[in-house]
Amino acid sequence: MYQNEAIISKLIVTQDGEKDFQIRFIRDENVGIICTPTDKSYFLLDSADYWYDLIQEKYPPIMKCSCKNDRFNLTFEYTPREGTEDFREINITCSCTVCQKVKRLPTIEIDYSPSSQLLDHPITFCKQPKIKYKTYSLMGYWSDDELLGIANYFINKNLFVYCWYWDSQNAQRCFKELSATELHSFLSGNEERYLAIYFSEEPFNNISMQTTPDGKGILIQQDIWRKNNVFMLRGPFMVVSRGLFYQMDFCSEYLDKDGNIVPKAASFCALTKDFQKFSKKLLKN
Ligand SMILES: [Zn+2]
């Protein structure tokens, strides 16, 4: 147990003794990967859990020093959470191997436990950092009839329907299962504003939901549709002079922790194909 918050510093060296790294870092997500001169890649901290999903749209560039060099020595600074075995935050400093100038990555706040593994294993070997898998986004300025057509398609397939929405009266994000009538009511704007609607092959029992400490209710992971047998309709946004812009995301395969592309359940794969055919016809105008 840590008696105080004295910082623990650790210079990052791989099993092979390499310590000069190229860095690709996704700032808003605090997720990154580093690569040695012999082309071995490692995830930073717990980045393996998020990396592949985050790089599907955009691959982060290699970080450069102002002297143009792109190799750095890394030091992780762990701030313990007093009276626990955990860490409160981790800071990563990158020191240029040519000019020694020091850069700091954004502070990584640790809000989970246990977290001692982040000190024991600050980096994790990654066989293949760049893997793409096929995802689909259906989007556009749909008419009310088109939106209803899509909703009814999923109702007719007997999928579970869930809604994540903003309850304005209680100023909270809420989540509930919807009947067909309730779904129509949400889509027609008679209900509260929805943040997302999920059409799912199985009940949402195992899907992680967090209640945020800010008292603003439930948070649901943005990328829930990537790993689960789920179609996700995002809450639309208004584009002036065009109307409401809709987007639905889904995919028939996902990446496991080792970076293998795995097909989703056969029934869901068939459904994604069928839905693509259906939506092509429906939205052909
Ligand atoms: Zn430099």
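Two strands pair if DSSP finds at least two bridges between them, and a strand here is a DSSP run of E with at least two residues, numbered from the N terminus. With that in hand, look at strand β4, residues 41-44, which pairs with β9 in the antiparallel sense over four bridges. Within this pairing, Tyr42 stands opposite Phe125 of β9.

Before going on, please keep in mind that this is a predicted model, where local features need pLDDT of at least 70, side-chain atom pairs count only at pLDDT 80 or more, and totals for chains, interfaces and linings use all residues. Residues are numbered from 1 along each chain as its sequence is written.

β4 and β9 belong to an open, antiparallel sheet of four strands in the order β2-β3-β4-β9. Since β2 (22-26) and β9 (123-126) each have a single partner strand, they stand at the edges, so one side of each is left without a neighbour in the sheet.

Next, follow the loops. Asn30 sits in the loop between β2 and β3 (31-35), and Asp39 in the loop between β3 and β4. Most residues other than glycine have a negative phi, and most peptide bonds are trans. Yet phi is positive in Asn30, near 55 degrees, and in Asp39, near 70 degrees. Asp39 is exposed, with 7 other C-beta atoms within 10 Å (buried means 20 or more such atoms, exposed 12 or fewer, partly exposed in between, with C-beta atoms placed from the backbone). Asn30, with 19 C-beta neighbours inside 10 Å, counts as partly exposed. Elsewhere, the peptide bond from Ser113 to Pro114 is cis, with omega near -5 degrees.
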